[in-house]
Amino acid sequence: MVESLRSALELLRARPGRALLVLVLGVGAQLSALGLAAVAAWLIARAWQMPPVLELTVAVVAVRALGLARGGLRYAERLVSHDLALRGATDLRVDRYRRLAAADPGSVVALDRGELVLRFGRDIDELTALVVRAAVPIVVAAITSLAAVALLAAISLPAAAALLAGLVLSGALGPIAGARASRAAEQAAAVDRATAAGRAALALDHAAELRVGGRLTEVVAQAAGARERAGRRQQRARARSAYAAAVVPAAQGAVILTVLWIGYAMTTVPLTEVRPTALVVLMLFPLAAFEAVGQLPAAAQALVAIRAPAPLLPVSGRRPVELPEVSVGCRVAIVGPSGSGKTTLLLGLAEQQPGATFFAEDAHVFETSVLENLRVGRGDVTPAEAVRALTAVGLGGWVAELPDGLDTDLIGGAAALSGGQRRRLLLARALLAPAQILLLDEPTEHLDAEQGADLVRALLDRESGLVAAERGVVLVTHQLPPDHRADRVLRMDMSTSIHL
Amino acid sequence: MKPVDPRLLRDSAAVRVHLGYSTLLAVLDAVAIVIVATTAAAAVSAIVARTAPEGADLVALVVALGLRVGLTLAGNRQGDRAADTVIDQLENRVLQHVVTLAPRELERTRTRATVLVTTGLRALRPYLSGYLPALLAAVLVPPVVLVGIARADLMSAAIVLVTLPLIPVFMVLIGLLTRGRAAATLDRMTRLSGRTLDLVAGLPTLRALNRAGGPAARIAELGAAYRQTALGGLRIAFLSALVLELVATLSVALVAVGIGMRLVFGEVGLQAALVALILAPEAYRPLRTLGERYHAAEDGLAALDSAYALLAVPAGAASGTGRPEVPLGVLQWQDVAVAGRSGMAPAGLTALARPGRVTVLTGGNGAGKSTAFDVALGLLAPDRGRVLVDGVPLPELDLDWWWSRVAWLPQRPTVLPAAAGTAIDLLDRTELSLGERQRLALDRVLAADAPVLLLDEPTAHLDDEREAAVLAALRERARAGATVVLIGHRPAVLAAADEVIAVVPGDAVVPGVGMVIDG
């Protein structure tokens, strides 16, 4: 929590000029409200003494001006602080991207894409939201509260002390206790929530299978049961947050009674002259002063709710494998059961062998045109080259039928393609890439058996013309056609048996 | 957005109770506010006049302050409890409904439904526990406060009475002026952030190709565009808050100046002036609170809309009650056609699967093979033709009975064990490779003592040796009398068939044919 606040403050510090502007506007808005309350109280008290009207002119103008200023300043503050937060978010994204782009390829290539998207998307959004929701309000509230206490101190020190105590209670202790309690509530329910989510996801992912298998009702009921348990635990833990919320009116009430008492005491001390204006301001001002800390419960919630971002690197769990010798111009097939480490082997080769490039089975299809997706491998692919490569992998007819041909945008990326089309597009990308040795991971899975076998044969045949004879091909496959022309076939073993 | 969703009000008793309770709390709070202001003003004016405040006033002040503490406590607890109950009920309802949708509908709605029932509907919490009570307070508190002001000073009450309705009027005006703008902005923002995340998701791919250098600049560009779009939207979104604050603070200023001037001329007493001064901001406060909670509530309402949209999708196949007189396990597709993305798939499949035989449905990608299974299982109603189980057409068939007789292996099976909660459930599912998953699911299907077996690409992700073992086991089951239907195109699978049926796609006008290639 402190850590996230520090990160958010760092984002503020990165652009000191703008950050200062945000604080000036925020404090200005709050002080306008406080000023309005103080000047209005003074005005009433002074007017009650029936002075010449001219004496009130300044106060009258000030009250109206402050009434206008608050809204305008707050509007400006919100815009500038959002601007600052969004700039910070972009800086952070670019910085993280640069770092990963320069990091060790082996670990980056194996990163989970969903995880990456979360870290770059949600995590950074949350962190920058903290700037607007927590960092700015906390700093503004602290400055404004001090100003309020200082004003009261000019009239009565004990009253100022009481106000300070009340503001600390309702601005710091209350919100923090409340936020902690609701986090505790979340945590108390976390296991049951996860179970509920897991069961729900299972039911949704395999609804038809579970239904036919007669298990659906059971799984749905498990989700409901876990949800109910989570709710019960949460209720128990949340009770405390209600008490924390009640701290604000309690503190305010106590301060009101205290300043009334202090005000009364001031009038009963003999031989002292207390001005009625000071008395009224003293007793009315605390009513308004609590507005300065009004945003803090939400700020504390935001602070406590933020997840600690998990580190992205490194990717572990790769088993060391013995790497085969491969050379430029080779044609090697790797076969073996799933789980025997074929992909790991390719990743190892990519790192060890200069000129060898790994083409992942689940490589990313970008939400851009077909041509740009092919240019991912090499930036200067011409449309003619692209069409040649697509035809070679059996997508010639498909691209010809697309509304804008090569320039058709793949909306949703891979979602715009069938499994087979995606595989072929990725293969075309690999063919066009400048790699000396192509390391292909299951390039024909999800293709029809015959077409898949044809492609594997062509990839492994130096004379087929699919891959230039002087480039190398190492491919992993489940289905090696018997009449292939590979130089070498590596069989990977894993001694597990099928239970049938 | 509608302030109170009528569907929610109609469906949920918990919401109705919550609203009733919140109404009571809001009225009590308003009364407490007026008492605090009146008694504090009395005390202050007494002190300024150098007399002791009246005991009754002080007692009333303490009681009213205590009441406000108690109301805060009660409101919080009540809001939390109501939110939990309502959200749980909705989550359960959505899940129960969505899992019964036809496969293609489910496919379309799965992501949305998963988000909704795991986290999405949780966003209703601020709506239920924060926004709704604030809404009631915004309606109920100002009139009570206004009466309090009027009793002290009619002129101030008049100022508040005139300015207060300005706020909703301005809100409506702003709403009308900016209608459609917010949706367009949000759409553009979603697209820009989608593009950024697309680049991020492609990072491993680009790194593998050694081409990860370029996109950083593009991410910066997209970020700048996103910021400008977002700020454009916020400039408008914050307008309503601006108007609210301007009207509220300016009105308070007007009240203060007005009573100040009348005090000078002795037209109003100090105590009355103080009551008006203390109460004036309280008349606007509920509206401001409502404005602050509006945005947090929006997400929840969007989730609620999404949930009701899902609940409105008609459920998939309804079960009949019929059962065949003699259950044999004969499965017949008669001219079955289902409209797909591009034409019919299958486009008029006619096939017969009999006990004792291994029947293989084969055909290209997207020919409609898996769809043929969905239809046979009663999960999907065909657009043309029908499926008969032992002579009983599917819509008439008792589906629970039928399902108890079928073992089905879908394309991406789950590894849910034979009985939930057993040891294997603890297996981390993500650790399993596709092949291991396939094997576990196959084990389960083969272990089931069902007379009809429907297996969709049972040997996908398996090597030759395992494929052979699986096919042998399936032939064995057929020989023992089971009806075995497979989807597959590998040569080994086709070789294991007694019957191979080609499933062909087509378009809607041409009646398709299921050809028996090999009998």
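**Exercise 1. Decide whether Asp83(A) and Arg87(A) are buried or exposed, then find how their side chains meet.**

Step 1. Asp83(A) is buried, and Arg87(A) is buried too. Buried means under 20% relative accessible area, exposed over 50%, and partly exposed in between (1.4 Å probe, protein chains only).

Step 2. The two side chains meet in a salt bridge, 2.8 Å from N to O. A salt bridge puts a side-chain nitrogen of Lys or Arg within 4 Å of a carboxyl oxygen of Asp or Glu.

Step 3. Both residues sit in helix H3 (residues 57-102) of chain A. They are four residues apart, so about one helical turn separates them. Helices (H or I, at least four residues) and strands (E, at least two) are DSSP runs, numbered from the N terminus.

*Conventions.* This is a predicted model: local features need pLDDT of at least 70, side-chain atom pairs count only at pLDDT 80 or more, and totals for chains, interfaces and linings use all residues. Residues are numbered from 1 along each chain as its sequence is written, chains are lettered from A and ligands numbered from 1 in the order in which they are written, and side-chain values use heavy atoms, without hydrogens and water.

**Exercise 2. Find which parts of chain A the pair Asp125(A) and Arg93(A) ties together.**

Step 1. Asp125(A) forms a salt bridge with Arg93(A); the closest N and O atoms are 2.8 Å apart.

Step 2. Asp125(A) belongs to helix H5 (residues 113-153) and Arg93(A) to helix H3, so the pair ties together parts 32 residues apart in sequence.

Step 3. Asp125(A) is partly exposed, at 41% relative accessible area. Arg93(A) counts as buried, at 12%.

**Exercise 3. Describe the fold and spread of chain A.**

Step 1. Count elements: 16 helices and five strands.

Step 2. The rule is 2.2 Å times the number of residues to the power 0.38.

Step 3. Read the extents. The C-alpha trace spans about 115 × 55 × 40 Å along its principal axes.
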